[in-house]
Amino acid sequence: MNKGLKTALATIALAQFLKIPIKQLETGRWDWRLFFETGGMPSSHSAGVSSLATFIALERGVRTIDFALAALFGLIVMYDAQGVRRQAGELALRLNELAEEVKKLEDDPKQDVYKKRQQQLRARLGHQPIEVVGGALLGMATGAILHWACRRRREPFKW
């Protein structure tokens, strides 16, 4: 596996892990399931693609086709993470609320099923712009640090 890919995958894992203590600061409780869910701060999508683009820029240069592809791919992924996916999640939440309102009108005692589903959908929303920026900054930092670590050793970086 190449160093750029390892850098991106390690950064994605780091971003997913960081969601746990960040959410703990907000809510006061640890939720290890966040490691496997999308959405939240920082965006692992943004972190992964920006670490790859940063690593490539430092390794090969910004004038290469490699960097151009990584940067364009990264921009599309980040736009999608905060745009299209966010809108789809908002729509899903609204549909869920409507279904809950219909059940309340019917006086159905199984209303709690809809509340649980709504909570699950919230966890799968796309990202707020600040989460995308946070992920991108994390990715640029890890891409630069891992590139520096590879250069400093003067030998291939061993994981």
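Guide: Happy to. Let's start with E37, which sits in the loop between α1 and α2. Keep in mind that this is a predicted model.

Visitor: Why is E37 called partly exposed?

Guide: Its relative accessibility is 21%. Buried means under 20% and exposed means over 50%, so E37, at 21%, counts as partly exposed.

Visitor: Where is E37 relative to Q16?

Guide: Along the sequence they're 21 residues apart, and their C-alpha atoms are 8.1 Å apart in space.

Visitor: What makes T7 buried or exposed?

Guide: T7 belongs to helix α1. Its relative accessibility is 1%, and the cut-off for buried is under 20%, so T7 counts as buried. T7 and A144 are 137 residues apart along the chain, with 9.7 Å between their C-alpha atoms.

Visitor: And what is Q128 called, buried, partly exposed or exposed?

Guide: Q128 is found in the loop between α5 and α6. Its relative accessible area is 33%.

Visitor: How much of the chain is buried?

Guide: Buried residues are 36% of the 159 in the chain. As for the surface, the accessible area comes to about 10,200 Å², and 63% of that belongs to carbon and sulfur atoms.

Visitor: What makes the pattern of the chain α-α-α-α-α-α?

Guide: The secondary structure comes to six helices and zero strands, and reading along the sequence gives that pattern.

Visitor: How do you know that α1 and α2 meet?

Guide: Contact means heavy atoms within 4.5 Å. Residues of α1 including L5, T7, A8 and I12 meet residues of α2, among them A47, L52 and F55. By class, this contact has seven nonpolar, seven polar and three charged residues. The two axes come within 8 Å and cross at roughly 150°, and the crossing is right-handed.

Visitor: What share of the contacts joins residues 24 or more positions apart?

Guide: Taking contacts with a separation of 6 or more, 69% are between residues 24 or more positions apart.

Visitor: Which helix has the lowest mean pLDDT, and which the highest?

Guide: Helix α5 (residues 112-123) has the lowest, 52, and helix α2 (residues 44-60) the highest, 94. For the chain, the mean is 81, and 79% of the residues reach 70 or more.

Key: Residues numbered from 1 in each chain as written. Predicted model: local features only at pLDDT ≥ 70, side-chain atom pairs only at ≥ 80, totals over all residues. Heavy atoms only, no water. Helix = DSSP H or I, 4+ residues; strand = E, 2+ residues; numbered from the N terminus. Buried < 20%, exposed > 50% of the residue type's maximum accessible area, 1.4 Å probe, protein only. Areas by Shrake-Rupley, 256 points an atom, 1.4 Å probe, with all protein chains shown as cover. pLDDT = per-residue confidence, 0-100. Axes fitted to C-alpha atoms, helices over the stretch in contact; angles between N-to-C directions. Left-handed = near helix turned anticlockwise from the far one by under 90°. Nonpolar A, V, L, I, M, F, W, Y, C, P; charged D, E, K, R; others polar.
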